[in-house]
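Colleague: I'm new to this one and would like to learn how to read it. Could you walk me through a few features?

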Amino acid sequence: MISTILIIGGGQAGAQAVDTLRREGFAGRLLLVGEEPELPYQRPPLSKKYLAGDMAPDRLLFRHQSFYDEHRVELHLGVKAVRLDAAAHRVTLADGRQLTYDGLLLCLGATSRRLTCAGADLAGVHYLRGLADVPPIRAGFKPKGRVVIIGGGYIGLETAATFIHMGCEAIVLEMADRVMNRVVAPAVSDYFAREHRAHGVDIRCDMRVVRLEGAGRVERVVCADGSSLAADFVVVGVGAAAVTQLASEAGLACDNGILVDEYCRTSDPSIYAAGDCTNHPSLRYAKRVRLESVDNAFEQGKTAALNLLGRQVTHDRVPWFWSDQFDNKLLIVGLAEGHDRQILRGSLESRSFSVCYLKGRELLAVEAINHSKDYMAARKLIAERALLDPAKLADPLLGLKEAV
Amino acid sequence: MPKIVFIEPGGTRREIDAPLGITLMEVARQHAVAGIVAQCGGACACATCHVYIDPTHLAKLSPPEDMEQGMLETAWNPQPNSRLSCQIHITPTLEGLKVTVPAQQR
């Protein structure tokens, strides 16, 4: 039985692992190292209510300090783990302290991809990943000010909706020919672009940013087509990359994430990894994936914790994702890659519809817009590898479950 | 602060003074009430904060909106008194509310 478990990373996966370990009766020493100074907190509200100032900081916390005290969790927050010596079972922190472990869980997360064009390092150019990113953005905000958002993905569109809510003028620049092009069907992109425009967001696709200009502070965003857009500040949401340095330097196998098996175990048998930082097998889709999602972080954190206790549990999930933009809720379940047909259920005009992805008759994924019934039904059907009748599926009056 | 009574899946009774202005799910999470998973943190996106409201208190709550209703229909073992705890805001009228947590969330 292992007596000391060390968790590196205090995000969703790390917090869930702490919870699971204590709930499942682990009575040994439990340490959590987090680079950020705050107690483990939820990230999703950062681009929404919290950015808008509509949510008190302590509502972001998974648990209050008293929980960690009561459950004897040794927190080392605001300090980065800089070196892992897998042979010696030892982690070195940035302040020189060394921690040893019997079992180690890496929940290193992901980091925002950075702009590399000229002017990218000007003041007033922001990224949004952690709590510390929010105050500088809010400080740059002024009523009727103008924000230029680079990237029309989840972060770009969610922040655009929030800025409009705050009384800002928002322009979204997307490099592809439609917003959220990597994650949703064209019909869903169209719907959200329309919604944003109706609320006053200026969405411009096929726009490649070539440089940012300004005297010390960003003033203009210049695009490849020659357009120059005045900006009071800029928010960049162009994707994220897995954080792997600690693992790769220690010799753990990495390839677009830390490689783990279905037990969340890395190439070192006493080291597990969970969350955005992992490249893991999806049992449902029979391929390796790296996911940036709350559900994945939560479930892998739990699975890794159970396996640290010797339970031999596999991580076998149908991935799901959500996004809130204005009064719309986008719910996505499954992975659409490999589909040969998309079926629209309902109409965009009704503001409640879904897009189903089929491979033959097998349901691979569903995007549900303001339609929780289809989403919930799809979670079960996809997990069960249900075969559906495309003709019935196209009838929005029939429930998804009735389309078998 | 209204007193809320949670009955955890194992039968344990937890009496908690709930601060106003947050949701029932947040009260449960702060106090680590067993069986409330609340994965999405209150976005009405996961249906893992499903609870049964004591029928005598149901009328004190505003009825579920369409999104919540759609989630509940396919939650684990839904009942007429099923609610998502993230959609219930703590108000003084909830004094004594009794909430039973289902044996599982899915």
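This is a predicted model: local features need pLDDT of at least 70, side-chain atom pairs count only at pLDDT 80 or more; totals for chains, interfaces and linings use all residues.

Colleague: Which residues is Leu84(A) in contact with, leaving aside its neighbours within four places in sequence?

Modeller: Those are Val91(A), Leu246(A), Ala247(A) and Ala250(A). For a sense of distance, take Ile164(A), which is 80 residues from Leu84(A) along the chain: their C-alpha atoms are separated by 44 Å.

Colleague: And how is chain A divided into domains?

Modeller: Domain 1 takes in 4–111 plus 241–308, domain 2 covers 114–236, and domain 3 runs over 327–403. Between the C-alpha centres of domains 1 and 3 of chain A there are 33 Å.

Colleague: How many residues of H5(A) are buried?

Modeller: Ten of the twelve, so to speak a mostly covered helix. Among the buried ones are Tyr154(A), Leu157(A), Glu158(A) and Phe163(A). The buried residues pack against several elements of chain A, including helix H2 (49–52), helix H6 (186–198) and strand S22 (320–325).

Colleague: What about two helices together: at what angle do H1(A) and H8(A) pack?

Modeller: With a pair, look at angle, distance and hand. Helix H1 (residues 12–23) and helix H8 (residues 294–308) of chain A pack at about 40°, their axes 7 Å apart, and the crossing is right-handed. Ala13(A) and Ala17(A) are among the H1(A) residues making the contact, with Ala297(A) and Phe298(A) among those from H8(A). By type, the contact has nine nonpolar residues, six polar and one charged.

Colleague: Last one: how many residues of chain B are in contact with chain A?

Modeller: An interface's size is often given as the accessible area lost when the parts come together, but residues can be listed too. Here 16 residues of chain B are in contact with 19 of chain A. On the chain B side, helices H1 (24–30) and H3 (66–73) each give two or more residues, and H3(B) supplies the largest share, four residues. That side divides into eight nonpolar, five polar and three charged residues.

Notes: Residues are numbered from 1 along each chain as its sequence is written. Chains are lettered from A and ligands numbered from 1 in the order in which they are written. Two residues are in contact if their C-beta atoms, placed from the backbone, lie within 7 Å. Ala, Val, Leu, Ile, Met, Phe, Trp, Tyr, Cys and Pro count as nonpolar, Asp, Glu, Lys and Arg as charged, and the others, Gly among them, as polar. Axes are lines fitted to C-alpha atoms, for helices over the stretch in contact, and angles run from 0 to 180 degrees between N-to-C directions. A crossing is left-handed if the near helix is turned anticlockwise from the far one by less than a right angle, and right-handed if clockwise. A residue is buried if 20 or more other C-beta atoms lie within 10 Å of its own, exposed if 12 or fewer, and partly exposed in between; C-beta atoms are placed from the backbone. Domain bounds come from an automatic or database domain assignment.
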